[in-house]
Amino acid sequence: MSTLRAGAALVALAFIGVESASSRLKNGLARTPPMGWNSWNHFGCNVSEQLIREEADAIAASGMRDAGYRYVVIDDCWQTARDARGVIVADSARFPHGIKALADSVHAKGLKFGIYTDAGTKTCQGRPGTLDHEAQDARTYASWGVDYVKEDWCNAAHLVAPVQYAKFRDALARSGRAIVLSICEWGSNQPWEWAPPVGNLWRTTDDIEDKWPSMLANLDQNGQHAGAAGPGAWNDPDMLEVGNGGMTDDEYRAHFSMWAIVAAPLMAGHDVRTMSPATREILLNSEVIAVDQDSLGKQGMLVWEPAPELQVWSKPLADGSRAVALLNRSAAPAKITAHLSRIGLHTDSASVRDLWAHADRGRVGRQYATEVPPHAVVMVRVTPFATSRVP
């Protein structure tokens, strides 16, 4: 960030009255990281009423809805213009029955409905942005039954992010409907410093790609800001790529595990209609989902690197246990050891459960070690024995 932009951001913080990262958005929403599906990663601009209905059907039928994936979000390219009154207009060819009818259809399946906009003059794909229409768009979205809005940051270079996003936050609060606000300015304005009282989630990274190095880069960047996250407001390393074909199943398991460890929103981005059994097994792993959705709301952190490209991450859970990811970023198998003291447990013995094998590994002493395949993870839940405390 340039000195000029940094100064502008500081002025903006004072203007909107942000106290600290411990002050989080109090709209009662997203008490755990949002879970759902977004159209962009797989379909880009190729969105339509028929597609969204079919994906919503598949989310309900596949078990994803019952596993917690509730938000169905249309990304960019649903809108075309504004009418004479300034009201945003959907593409009538692609959405012939309008957005409200589509939202009603999604709701009828026991799901929630989300939509996309942009803080600037135009969206990233050149459609109308929400600048100077914040109140009007918020009322329109509420009247359509929108439950979630993702607000992007294209064509907004002349704006000050904390001010602009707070303006839309306030517009949503006055809309008469409870709507999750997803801030998507790619971490370019250090949102972890000002976004917790403004949005329910905020991007900390560039757009993810369906590649192992991209996923790791987003994990690393997101991992620097754990203190900002908590119930109602979450760091967002971008949407899931699981099932889109650019990584192996081991890499996708690692991707999903690490998003759960860092309490990231779990927004799937594949074609649910053609989901493979392997993809379904990854996305519906209830034990890993429970880590992400844990009520304590703590973001896990990197606690040890025993060797280059070998990592141990730990996330505190509400019951006093720890979720631990033994991540092998290298191209060769490796033994990784998690010491109980390093993962935050002050005990000399604990029980270990493998969350991908769905198997108890028994009682261990002061450490747990296992072989981890290349580009893979072993994810465990470590529960201390209360009678075996170390001073």
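**View 1. R53 and E49 form a salt bridge, a side-chain nitrogen of Lys or Arg within 4 Å of a carboxyl oxygen of Asp or Glu.** Their closest N and O atoms are 3.7 Å apart. This is a predicted model, where local features need pLDDT of at least 70 and side-chain atom pairs count only at pLDDT 80 or more, while totals for chains, interfaces and linings use all residues. Residues are numbered from 1 along each chain as its sequence is written, and side-chain values use heavy atoms, leaving out hydrogens and water. The two residues sit four apart in helix α3 (residues 49-62), so about one helical turn separates them. (Helices, H or I of at least four residues, and strands, E of at least two, are DSSP runs numbered from the N terminus.)

**View 2. R177 pairs with D147 in another salt bridge.** Here the closest N and O atoms are 2.7 Å apart. R177 lies in the loop between α7 and β7 (180-183) and D147 in the loop between α6 and β6, so the pair ties together parts 30 residues apart in sequence. D147 is buried at 8% relative accessibility, whereas R177 is partly exposed at 30%. (Buried means under 20% relative accessible area, exposed over 50%, and partly exposed in between, with a 1.4 Å probe and protein chains only.)

View 3. After α6 comes G145, with a positive phi near 90°.
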